[in-house]
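Here is my note on the model. Please read it with the structure open.

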Amino acid sequence: MPTSETPPTPALPPSVQLGTGRGGLPVVRVTAREGTAEIYLHGAHVTGWTPVGGEPVLWMSAASEYRADAALRGGVPICFPWFGAHARDAAAPAHGFARLADWDLVGAVDHADGDVTVTLALGDTAATRASAWPHRFAARYAVTVGAHLTLRLEVDNLDVEPVRIEAALHTYLRVTDVRTAAVGGLEGAPFLDRLAGPEPVPGEAVPVRFTRETDRIYLGTEAAATLTDPGAGRTVTIAKHGSRSTVVWNPWVAKAAAMADFGDDEWPAMVCVETCAVGPDAIVLAPGASHAMTAVLTVGA
Ligand SMILES: O=P(O)(O)OC[C@H]1O[C@H](O)[C@H](O)[C@@H](O)[C@@H]1O
């Protein structure tokens, strides 16, 4: 039976420490052999991942809120069970309730290769059953930390009817300057330009570059995307499974200035490459069925 009671903290290996983070929010700090990470239970939000000997890969805004009633800005928010504004309920929170919910820490395990997996869980509550998406569900989020960062979101439909699910691992990546960065791997994929009309735009032959506000949903694409950051001399590859759409976003000047939790001058230092199942690529789950969506981040030269 779903419950809103907080379960007891599971036994944790020494590589995983549960502590108090910014704003007094609970945070899990992971020290694996080949990388470290930080995960807030609020939103199951990964706020940092650094491979050993490397630089931080994820971007967090210095202006982020750290409050139980707000989403964190940066890292990897989980958008679920809808993406963007809710289609029929304008009052429903953007990107769904998962990034605003306090997830349960249900386990952590050390692997023989030195990687560490932390698992969090979220189920329906009286509040979600009264929301714009009232279905019964169980979600598990496994974060595996090491030389790679593996994020696996699995959702079970516990309802008696088919449910439509949108989900995004809304990954904010650090870049030296987005104006010199490029995102490859999406060549040829048509996209919805969220700053233009609803009609899909034909795919382009070249990597995505940034010269203005960019907010695109690439459709029907299961390939890995690679962010190239010449200023840092590195690439970040995002390989994925169970995801047929990829969102690429940079707010540029005006939108950054309009967001209270995003510094006016921070936009050149980030780009989002989001592993998604959204819009026409949303998941429809039969009763009792499950779907898993995985993103694997790897740093290269
Ligand atoms: O401000 P948020 O609700 O966190 O959304 C931040 C951004 O998320 C995605 O990238 C959407 O495609 C954008 O349209 C949106 O602006």
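1. Nine strands make up an open sheet, ordered β6-β7-β8-β9-β22-β18-β17-β13-β15, with antiparallel pairing. Two strands pair if DSSP finds at least two bridges between them. Strands (E, at least two residues) and helices (H or I, at least four) are DSSP runs, numbered from the N terminus.

2. Within this sheet, β8 (residues 137-145) and β9 (residues 148-157) pair in the antiparallel sense over nine bridges. A138 stands opposite D156 in β9. In total the chain has 22 strands and two helices.

3. This is a predicted model: local features need pLDDT of at least 70, side-chain atom pairs count only at pLDDT 80 or more, and totals for chains, interfaces and linings use all residues. Residues are numbered from 1 along each chain as its sequence is written. Mean pLDDT (the predictor's confidence in each residue, from 0 to 100) is 97 for the chain, and 98% of its residues reach 70 or more. The scores are ipTM 0.99 and pTM 0.97.

4. Which residues are around the ligand? They are A71, G84, A94, H95, R194, D215, V247, W249 and C272. The criterion is a C-beta atom, placed from the backbone, within 6 Å of the molecule.

5. The C-alpha trace spans about 50 × 45 × 35 Å along its principal axes. Buried residues (20 or more other C-beta atoms within 10 Å of their own, C-beta atoms being placed from the backbone) make up 42% of the 301 residues in the chain.

Key: Buried ≥ 20, exposed ≤ 12 C-beta atoms within 10 Å, placed from the backbone.
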